[in-house]
Amino acid sequence: MADKKKKRGKAAWGSILYIVICAVFGGMIGVMLAENDVELDLTQILLIMVFFMLAVLLHLILHEAGHMFAGFLSGYRFLSFRIGSFMWEKQKDGNIRFSKYSLAGTGGQCLMCPPEYNNGNFPFVLYNLGGVIMNFLLAALAAAIALLVPVGPWMKVFLWMMVFVGVLTGLVNGIPFKSKTVNNDGSNTLTIGKSPASRRAFWLQ
């Protein structure tokens, strides 16, 4: 019973955080458009939706790329890289093959082979959190450009959308959370760090 209450509490805080982030960035974009005397019509609303979907796609791709770069830095070897159902995987002969595969609860996935298991340990933190780090770095870069570089109002809308999606994606993947299908990056890192058995299972998997 206590575990159920704890889970409901975490879910409630997650929902509140999501609403606050959406409200803050939605308000910022609204103020910015108002300051530039932009009156929204249907075409412009659709353009904002396109910006949002493009920002989601870019952050998804770069999130998985973040895992890959962090893996290479930690001594991992490439196995596969998937966005949506489009997957590139390394074959036994060393060639990269394109195939289609999807996994419920994930928008993408980068799988790499870890370095040798040394006295019950191997590097796992940077690899698991590489995607989250990339999301926050990209959000920070977009914010810096929006604040420091003179660009038009619509480019600013896109840049702040990149900030919004980056912060949201980073938090959703970084704050430890377990779902019925998969655990997020924060949860994986926490679980692996707590237990030698979990570390061994992750390495074997």
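Helix 2 gives the most to the lining of the largest pocket, contributing 7 residues. The model is a predicted one, and the pocket holds about 1,400 Å³ of space. Of the 49 residues that line the pocket, Thr106, Gln109, Asn183, Asp185 and Asn188 are the closest to its centre. Helix 2 spans residues 42–73 and includes histidine 63.

**Lining of the largest pocket**

- At least two lining residues come from each of helix 2, strand 1 (77–83), strand 4 (108–113), helix 3 (125–148), helix 4 (153–174), helix 5 (185–194) and helix 6 (196–204).
- By class, the lining comprises 26 nonpolar, 20 polar and 3 charged residues.

**Histidine 63**

- Histidine 63 has a relative accessible area of 4% and is therefore buried, the cut-off for that class being under 20%.
- Leaving aside residues up to four places away in sequence, histidine 63 touches Gly131, Val132, Met134, Asn135, Asn173 and Asp185.
- One of these contacts, Asp185, is also among the residues closest to the centre of the largest pocket.

**Nonpolar cores**

- The largest nonpolar core has 17 residues, and Met161 and Met162 have the most contacts inside it.
- Helix 2, helix 3 and helix 4 are the elements that give two or more residues to this core.
- Helix 4 gives the most to this core, with 10 residues.
- Another core, of 11 residues, lies apart from the largest one and has Met68, Phe81, Ile83 and Tyr127 among its members.
- Methionine 162 touches Ala55, Leu58, His59, Leu138, Ala139 and Ala142, with residues up to four places away in sequence not counted.
- In soluble globular proteins, nonpolar side chains tend to be buried together.

**Overall architecture**

- The protein chain has 6 helices and 4 strands.
- From the N terminus on, the order of these elements is α-α-β-β-β-β-α-α-α-α.
- Of the 205 residues in the protein chain, 32% are buried.
- Among contacts in the protein chain with a separation of 6 or more, 64% are between residues 24 or more positions apart.
- The protein chain has an accessible surface of about 12,700 Å², and carbon and sulfur atoms account for 68% of that surface.

Methods: Residues are numbered from 1 along each chain as its sequence is written. This is a predicted model: local features need pLDDT of at least 70, side-chain atom pairs count only at pLDDT 80 or more; totals for chains, interfaces and linings use all residues. Side-chain values use heavy atoms; hydrogens and water are left out. Buried means under 20% relative accessible area, exposed over 50%, partly exposed in between (1.4 Å probe, protein chains only). Contact means heavy atoms within 4.5 Å. On a 1 Å grid over the protein atoms alone, a cavity is a set of points where a 1.4 Å probe fits but cannot get out, and a pocket is an open set with protein on both sides within 12 Å along at least five of seven lines; lining residues have an atom within 4 Å of a point. Grid points are joined across faces, edges and corners, and a volume is the space filled by probe spheres set on the points. Ala, Val, Leu, Ile, Met, Phe, Trp, Tyr, Cys and Pro count as nonpolar, Asp, Glu, Lys and Arg as charged, and the others, Gly among them, as polar. Accessible areas come from the Shrake-Rupley method with a 1.4 Å probe; for residues, only the protein chains shown count as cover. A nonpolar core is a set of buried Ala, Val, Leu, Ile, Met, Phe, Trp, Tyr and Cys residues joined through side-chain atoms within 4.5 Å.
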